[in-house]
Every structure is written in C-alpha cells, then in structure tokens.
Amino acid sequence: MSHARKDYPDFKALAPDIYERVLALSQLSGKAGLDKDLMGLVKIRASQINGCAFCVQFHILEAERLGVSADKLNLVVVWREAPLFSARERAALAWTEALTLVSAGVSDEVYAQASAEFSEKELVYLSSAITVINVWNRFGVAYAWTPPARIARS
C-alpha cells in the first residue's frame, strides 16, 4: 500500500515539462564524462541526507545494475569511516554533503579537496548533479514517492 501523496508516475504525468527539464539537467554530468559509479554514490548520499526513500532506493538499484560493490553501497552513509573509498570518491562525497547541507557553507578545506580531485569543468558538472539530485529529493520527500520495488531475478 502506498503512502504517497502523489506518486512518481503521477508527477511525470501532471508536470511533464518540469520532469523533462529536470531529467535533462540530470543527464548532463554523464555527458561531461563523470563516472557513473561515482555519480551513483553522490546521488545516494544526498538522498540519504535529505531522507528521500524513493531516490535512495532508485539510485541503489541503479548502482547495483552498474556493478557498484555492495560494500560501497552499504557504507556510503558512513564513508568517512570506511577505507574502501578512493580520494576522488571522498572528495565528491564531502562536496555532496557541503552542497546538500548548504546552509552550513562550503569550507575552504572541502573546496580544496574537491579542486584537487576534479578539474574546474568536472567540479561544475559535479555541482550541477548534486543540485539536481537535491531537486529530485525535494519532490520525492514533498510527495512521499513510493520507493521502487526490487525486481526479482530468475
């Protein structure tokens, strides 16, 4: 039974222009060459922070299909304490947290870490991807979208 106020397919049908534009913006980071596995971790982490069950589940399922390890998916919530994340992933996750919790500001340390791992262009596209997942999260949380079901494989 769904607790959704307005579910994801309803949103797409109700406001296709918004859906299409946010989706198009979502796809730009991939076109800029940012790694899909990394982007999955970023989207999961922002969605965890924002409490968007739909987006957490959606991006976990997507990351699994891409082959992201179960350990990374399980530990992204505590990435600082888990040694399996690369310096680039750590920089992206710190940047994600700073931009998602933007009212706390972005420290010079986090900016320096991100700038050391990403080119100027990559950092702009990473920032855009973080901004967009935060947009999706706000819709998902506001309308209590039902998380997608895991499809059993036979």
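Which backbone nitrogen does the side chain of aspartate 7 reach? The points below work through this question and some related ones for a model that is predicted.

1. The side chain of aspartate 7 reaches the backbone nitrogen of threonine 146, at 2.8 Å. Aspartate 7 itself lies in the segment before α1, a helix that covers residues 8–14. Its relative accessible area is 17%, and because the cut-off for a buried residue is under 20%, aspartate 7 counts as buried.

2. The next point concerns aromatic rings. A search of the whole structure finds 11 aromatic pairs. In one of them, the rings of phenylalanine 54 and tryptophan 145 have their centres 5.2 Å apart and their planes at 80°, and because planes over 60 degrees apart count as edge-to-face, this pair is edge-to-face. The pair links distant parts of the chain, with phenylalanine 54 in helix α4 (residues 53–66) and tryptophan 145 in the segment after α8 (residues 120–142), 91 residues apart.

3. Are the two partners of this pair buried or exposed? Phenylalanine 54 has a relative accessibility of 8% and so counts as buried, and tryptophan 145, at 2%, counts as buried too. Both residues also belong to a cluster in which ring pairs link Tyr8, Phe11, Tyr19, Phe54, Phe58, Trp136, Phe139 and Trp145.

4. Lysine 72 lies in helix α5, which runs over residues 70–75. A student may wish to note that this lysine counts as buried, because its relative accessibility is 18% and the cut-off is under 20%. The side chain of lysine 72 makes a polar contact with the side chain of glutamate 89, at 2.7 Å. When neighbours within four places in sequence are left aside, the residues in contact with lysine 72 are Leu41, Leu84, Phe85 and Glu89.

5. How do helices α6 and α8 cross? The axis of α6 (residues 87–100) and that of α8 come within 10 Å and cross at roughly 50°, which means that α6 is oblique to α8. The crossing of α6 and α8 is right-handed. On the α6 side the contact is made by Arg88, Ala92, Trp95, Thr96, Leu99 and Thr100, while α8 contributes Glu122, Leu123, Leu126, Ser127, Ile130 and Asn134.

6. Helix α8 also meets α3, which covers residues 36–50, and the axes of α3 and α8 come within 9 Å and cross at roughly 40°. The crossing of α3 and α8 is right-handed. Here Met39, Val42, Lys43, Ala46, Ser47 and Asn50 in α3 meet a set of residues in α8, namely Leu126, Ala129, Ile130, Ile133, Asn134, Asn137, Arg138 and Val141. A reader who compares the two contacts will find Leu126, Ile130 and Asn134 of α8 in the contact with α6 and again in the contact with α3.

Conventions: Residues are numbered from 1 along each chain as its sequence is written. This is a predicted model: local features need pLDDT of at least 70, side-chain atom pairs count only at pLDDT 80 or more; totals for chains, interfaces and linings use all residues. Side-chain values use heavy atoms; hydrogens and water are left out. Rings of Phe, Tyr and Trp (its six-membered ring) pair if their centres lie within 6.5 Å; planes under 30 degrees apart count as stacked, over 60 as edge-to-face and the rest as tilted. Helices (H or I, at least four residues) and strands (E, at least two) are DSSP runs, numbered from the N terminus. Buried means under 20% relative accessible area, exposed over 50%, partly exposed in between (1.4 Å probe, protein chains only). A polar contact is a pair of N or O atoms within 3.5 Å; within protein, one must be able to donate a hydrogen and the other to accept it, and residues adjacent in sequence count only if both atoms are side-chain atoms. Axes are lines fitted to C-alpha atoms, for helices over the stretch in contact, and angles run from 0 to 180 degrees between N-to-C directions. Angles under 35 degrees count as roughly parallel, over 145 as roughly antiparallel, 65 to 115 as roughly perpendicular and the rest as oblique. A crossing is left-handed if the near helix is turned anticlockwise from the far one by less than a right angle, and right-handed if clockwise. Contact means heavy atoms within 4.5 Å.
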